[in-house]
Number of protein chains: 2
Amino acid sequence: MELVFLGTTAAVPTAQRAHPGIALCYRDEVLLWDCGEGTQRQLILAKVNFMRITRVFITHLHGDHFLGLPGLLQTLGFQGRERRLHIYGPPGIEELVERVLSLGEFELEYEIEVERLAPGMRVRGSGYEVEAFEVEHGTPAFGLAFRELKGRRFLREKAEALGIPPGPLYKRLQRGERVVFQGRVVEPEEVLGEEKRGFRVTYSGDTRPVDATAERAGDAVLIHDSTFDAGEAEKARSRMHSTCTEAARVAREGGAKMLFLTHISPRYRDAGVLEAQAREVFPESHVARDLLRVDLLALRKERGWWK
Amino acid sequence: MELVFLGTTAAVPTAQRAHPGIALCYRDEVLLWDCGEGTQRQLILAKVNFMRITRVFITHLHGDHFLGLPGLLQTLGFQGRERRLHIYGPPGIEELVERVLSLGEFELEYEIEVERLAPGMRVRGSGYEVEAFEVEHGTPAFGLAFRELKGRRFLREKAEALGIPPGPLYKRLQRGERVVFQGRVVEPEEVLGEEKRGFRVTYSGDTRPVDATAERAGDAVLIHDSTFDAGEAEKARSRMHSTCTEAARVAREGGAKMLFLTHISPRYRDAGVLEAQAREVFPESHVARDLLRVDLLALRKERGWWK
């Protein structure tokens, strides 16, 4: 499982930072979180196969977060995509996609299914879910919480104590099915323990620091709006963004494993100041940069996060 | 005067080539010819001041040639632009700009004036004109011919022979005004010679090779569609593009000074083959690459093109 930062700027691009976009590569799928202008090219530069994108999430309808959509949709068409594409976004996303599809002359051979996000909505995929939660940005805006679904732990010793032989019955119990063994009904509850821990990645989108993000940051890799440094708290408030320190507090209060600061204002040529200030509050703070790849499997192993 | 290639790919971007865009920097103005996705960032990377853009020309309404427009217009707004912007394009450009301005939440403090191109139309600026000419691309499509207007040569010896003293009268005659000297009317015709040679840059847009381009290639730096190599002539025909060899023939027949091949299909990782084939027909052929700057003043001097 890999997290790839495609663009990390705020509003206006710089030589170093393209418009917002994050690719979450999970098994053979790519989930795209925001799709700023230039995202298709950043995907190419990052060597992420854009044909594997199954779901695109647009956190809010500010241009810098979705203006890569028209080009990406057309390019997928040019490349012969036939597989359906899901696009999720705040209210207005249906009209937006309609407009986007009216730009230029082209035909798509694949279907696009557009779905409006709502607070608490969970999008279920194969082995994961993405929960949308409301954040504060002065326009309908969502954060996104990816959670790997690994199922509950199988308590082998309990199954053995019940005399059930290892094999197909274990598998069925593990899947949550009731089985009959030697005339006795065995409920999965009897042999299943706690939920297994999977990867969690939480993205704040553009927002003020809010509890809803902290509540979903536990054990997660948190990606948070960090448009300004600590000295610009007033600006962050009035523009409905966060400072690096505010982002770090959300990470600390929520119990995140690691924090990536993104949506960096073009004023910071060297974003080191943001990282330094954030680390005073939350030591595992890192400024994201374009094309940064985070290999979550390797990180888990290296940091011994859990088994 | 500088010519800056912002993007040189065809349809789909590559790691090396962004979507089409050409900046023509003349005096304190920048003319933008096509505006593919990512153009605003390419302008930043090329260190071309996008606040100086006065006129944007969209050659035709295929997405790869205009999907950078929404982001550019919004960024100009974020940066506080107040100066009017002219946008020119084929029929449909008005509706397109309207749609583009409906993407996202933002307000612009500057006016946008949209004008439809027509064959033979000349857009006059300060010291130059841009002529639009019809090309063949299966959709309404234009080529663009920039011509520096330097006025007519002042024949000093004739003025002297008429006894006119150097000074303000020379200036007025040079501007084409009639003057009275010692009771005699002097017509500018009497002291003005041929048109002075200025820079010419002709851009084919996406097209099959056509006479209209060759007719405007004389003495010019020609930028031509060169999507395919010579071996793919059939594909070039059916897709309404040109091969490198076809582009070179237009340059040769038109009497161009220099040819830049652009709109290079992503299939060519190394576009050297295109250059080699074109040079067999027209030796001054060069494959354009992203962020290539062509200093026309320096070139004129170096090649001794004219005085």
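Colleague: What volume does the largest pocket have?
Modeller: In this predicted model, the largest pocket has a volume of about 600 Å³. A pocket here is an open set of points on a 1 Å grid where a 1.4 Å probe fits, with protein on both sides within 12 Å along at least five of seven lines, and lining residues have an atom within 4 Å of a point. The volume is the space filled by probe spheres set on the points.

Colleague: Which residues are closest to its centre?
Modeller: Of the 22 lining residues, A:Ala10, A:Ala11, A:Arg239, A:His241 and B:Phe78 are the closest to the centre.

Colleague: And the second largest pocket, how much space lies in it?
Modeller: About 500 Å³. Its lining has 20 residues, and A:Phe78, B:Ala10, B:Ala11, B:Arg239 and B:His241 lie nearest the centre.

Colleague: Before we move on, how are the residues numbered?
Modeller: Residues count from 1 along each chain as its sequence is written, while chains are lettered from A in the order in which they are written. Local features need pLDDT of at least 70, and side-chain atom pairs pLDDT 80 or more, whereas totals for chains, interfaces and linings use all residues; side-chain values use heavy atoms, without hydrogens and water.

Colleague: Now helix H2 of chain A: how many of its residues are buried?
Modeller: Nine of the ten residues in H2(A), residues 69-78, are buried (under 20% relative accessible area, 1.4 Å probe, protein chains only). Among them are A:Leu69, A:Pro70, A:Leu72, A:Leu73 and A:Leu76.

Colleague: What follows that helix?
Modeller: A:Gly80 follows H2(A), and its phi is positive, near 85°.

Technical notes: Buried < 20%, exposed > 50% of the residue type's maximum accessible area, 1.4 Å probe, protein only. Helix = DSSP H or I, 4+ residues; strand = E, 2+ residues; numbered from the N terminus.
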